[in-house]
Amino acid sequence: TRNDVGSPGVPGAHWLTSNISFTNVNGDSVAQLKATTNGSADGTTHAEMYQNQLRFLEGTYASRVRFTDAPASGPDGDHVNETYFTISPLRYDRDPLYSELDFSEYLPNGGWGGPQANYQTSWYTYWNNPTWDGLRTSTAQNRSFDGWHDIVTQVSGGHVKYYIDGVLTADHTTDAQGDPVYPRTPMSINYNMWFIDTAGHTSGTSVYTEQVDWTYYAGNQVVSPADAVKKAAGYRTAGTSHVDTVSGCTTPPPSSSTPP
């Protein structure tokens with residue numbers, strides 16, 4: 001769990017381990033992420049949990065996630081981002097080995113100048129100087145995703161195929177410049193919840209939540225959305241809460257040369 005201050009999100013806001021908890025839903029324990037704001041940086045907190053080893057690349061990723069439209073308490077309208085994604089470190093601006101796949105970034109109240117949306121985004125790279133920007137391709141569904149969803153992504157043969165509840169929403173290969181958005185280096189698996197800004201806040205303190213039931217990864221395998229969900233259900237039926245057989249992923253050494 002993350003416990004510090006830093007980007008993304010509201011500058012100066014805190015990422016708190018205490019914003020991760022476990023709660024019972026229909027007899028099963030699920031992880032819950034919480035984000036809170038009173039409209040100020042000091043009064044804003046974010047949440048993130050992640051697998052902190054870079055071990056995941058090609059294969060199939062799946063998770064059952066509950067997104068929420070309305071806050072658990074307080075006034076609505078904040079530009080909150082509810083996510084599930086993989087990422088590798090950016091070694092330097094425009095790092096050509098940087099890899100990030102945003103399986104879902106759900107903005108129930110909009111943000112970044114746009115309306116309510118759920119984004120699937122595949123990245124080539126980004127940079128911080130002179131101003132932040134990046135190279136990527138993105139697909140959005142402009143509707144409510146309130147409730148539980150099965151999110152499955154297949155990474156194989158140069159294609160990143162995104163599915164939500166069994167429906168193909170995007171098939172990404174390159175960005176608009178022709179750069180590959182297919183991941184080039186092993187990544188970590190992450191979930192986080194954060195406020196893009198505080199412009200949508202009106203009064204009092206608002207608390208938003210996102211829940212995660214399970215996560216599944218099959219390395220170097222293309223698993224259909226239905227079969228991925230069945231695999232997870234099979235582990236639960238067998239009483240298996242955790243199994244890890246991932247191997248063979250390595251992290252490239254830091255580059256000492258001038259970036260291309």
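Throughout this tour, buried means under 20% relative accessible area, exposed means over 50%, and partly exposed is in between, using a 1.4 Å probe and protein chains only. This is a predicted model, in which local features need pLDDT of at least 70 and side-chain atom pairs count only at pLDDT 80 or more, while totals for chains, interfaces and linings use all residues. Residues are numbered from 1 along each chain as its sequence is written, and side-chain values use heavy atoms, with hydrogens and water left out.

**Stop 1: strand E7**

Select residues 80-87, which make up strand E7. Strands (E, at least two residues) and helices (H or I, at least four) are DSSP runs, numbered from the N terminus. Of the 8 residues in E7, 7 are buried, so the strand is largely enclosed by the rest of the structure.

Show residues 188-195 for strand E14, which runs antiparallel to E7 and is joined to E7 by 6 bridges. To line up this pair, pick Asn81 and look opposite, where you will find Trp194 of E14. Next, show residues 100-107: this is strand E8, also antiparallel to E7, with 6 bridges. Here Ile87 faces Glu100 of E8.

**Stop 2: aromatic rings**

Tyr61 belongs to strand E6 (residues 59-67) and Phe103 to strand E8, so the pair ties together parts that are 42 residues apart in sequence. Tyr61 is buried at 1% relative accessible area, and Phe103 is buried at 1% as well.

Move on to Trp123 and Tyr126, an edge-to-face pair with 6.3 Å from centre to centre and 75 degrees between the planes. Trp123 is buried at 9%, and Tyr126 counts as buried at 18%.

Which residues form one aromatic cluster? Select Phe56, Tyr61, Tyr84, Phe103, Tyr162, Tyr191 and Tyr217 to see the cluster.

**Stop 3: charges over rings**

Finish with Arg94, whose charged end sits over the ring of Trp127, 3.6 Å from the ring centre. The rule is that NZ of Lys or CZ of Arg is within 6 Å of the ring centre and within 35 degrees of the ring normal. Arg143 has its charged end over the ring of Phe145, 4.0 Å from the centre.

Notes: Pairing = 2+ DSSP bridges. Phe/Tyr/Trp six-rings, centres within 6.5 Å; stacked < 30°, edge-to-face > 60°.
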